Amino acid sequence: MNKLTSQLFIQLYKAPETALNLDLGQWNSLIFILRHHQLLARYQFIFQRAGIFERLPEYAKHHLTNAKILSHKQRQQVFHEAKSIIGAFGFNSKHKIFLKGAAYTLSGQTAGVGRIYSDIDILVDKQNLDEIERSLVVSGWLTEQITKYDDNYYRNWSHEIPPLRHGGRGTVLDIHHNIIPIISGRAPNVSYLFEQVEITRDGFSVLSPSAMTLHSLVHLFFNDDVKNGFRDLLDLDLLIKNNCSDYYWTNLIQLAKDTDFNMELKLAIRYLTKILQTPIPENVLQELKLPSSPAIKIIDFIYLRVLLPSHPLVNNRMYNLANFMAMCRGHWLKMPMHILIYHFSLKGIRSAIE
């Protein structure tokens, strides 16, 4: 297969007509990589919207169409699962807010078009967690088998309980009570998010576009796992383009300050403009501009690589080093040093024993 440049994927996203110049060898690699990043259906949508889909090679159209069919089936499943979750016997929580990909789909955001799902995320009231988990177990959702240490980590240090998998349908559900781990010391007052709830036309609770964007960028820049970094960056680009207004930006900036995620917002703006040239109002760019410093140069080294497509068929120099540094940074943000040392030591010992 042909090796492709990272810039080709950005070019195809911004100027889809570029696809008309690709040969079959390039298409073969392109489809392989887009499927790896769960972006094949999204690019089908991009080509369709640009009016060039029918002019693509039959080989490309075949794979893109199949991806579209799969994404449509998953979209229908998200609505079905959302109704099932909310309707679970005894599901008692004042707030039942769908997050991330499920929220994009349920609310009709462009970021939800062509989305492929590995799980469904929902934010609930922490005081109701035990009751919610029991009600979901009765409705067929079961905790996946994990170690005692991992179970303790989820329940005492994390921002969610262990994932639940439906015994019949196989769907994975993540129940959150915050958006970042409690042990990090930076978990925000979740009431700020509860004040940002909107109801979709089908009656589902989701975050407002500003809060949705904040959660998306926090998930990206506060995470040790950035394997879907390019997809997540595209999500942010689409959320901004779909909702851009003075109110949206004012609300997003204030919410970032209230929840102490101003730095994460600045990083998101920095790499959206550097990588995708996302249109950001000039006053917002000035307010959220990061001054140059040695620390920022290190962060640039990391994110200007890990936010691009990653695959052996993509030319992305120093990606493995940048990915390792992103993992270290993410763990550093999530845990105090003494917990981090203990966590890695225990994981290392268990891995050696296995």
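Predicted model: local features only at pLDDT ≥ 70, side-chain atom pairs only at ≥ 80, totals over all residues.
Trainee: How is a pair of aromatic rings described?

Mentor: A pair of aromatic rings is described by two things, the distance of the centres and the angle of the planes. In this structure the count comes to 12 aromatic pairs. Take Trp-27 and Phe-47, whose ring centres are 6.0 Å apart with 75 degrees between the planes. That pair is edge-to-face because its angle is over 60 degrees.

Trainee: Where in the chain do Trp-27 and Phe-47 sit?

Mentor: Trp-27 belongs to helix α2 (residues 24-36) and Phe-47 to helix α3 (residues 40-49). The two are 20 residues apart, so the pair links distant parts of the chain.

Trainee: Are Trp-27 and Phe-47 buried or exposed?

Mentor: Trp-27 counts as buried because its relative accessibility is 0%. Phe-47 is buried as well, with a relative accessible area of 0%. Now look at Tyr-149 and Trp-157, an edge-to-face pair with 6.4 Å from centre to centre and 85 degrees between the planes. Both Tyr-149 and Trp-157 are buried.

Trainee: Let's turn to the histidine. Why does His-215 count as buried?

Mentor: Burial is judged by relative accessible area, and the cut-off is under 20%. His-215 has 6% relative accessibility, so it counts as buried. You will find His-215 in helix α9 (residues 209-221).

Trainee: Which residues does His-215 touch, not counting those up to four places away in sequence?

Mentor: With those set aside, His-215 touches Leu-99, Lys-100, Ile-179 and Leu-207.

Definitions and conventions:
Residues numbered from 1 in each chain as written. Heavy atoms only, no water. Helix = DSSP H or I, 4+ residues; strand = E, 2+ residues; numbered from the N terminus. Buried < 20%, exposed > 50% of the residue type's maximum accessible area, 1.4 Å probe, protein only. Contact = heavy atoms within 4.5 Å. Phe/Tyr/Trp six-rings, centres within 6.5 Å; stacked < 30°, edge-to-face > 60°.
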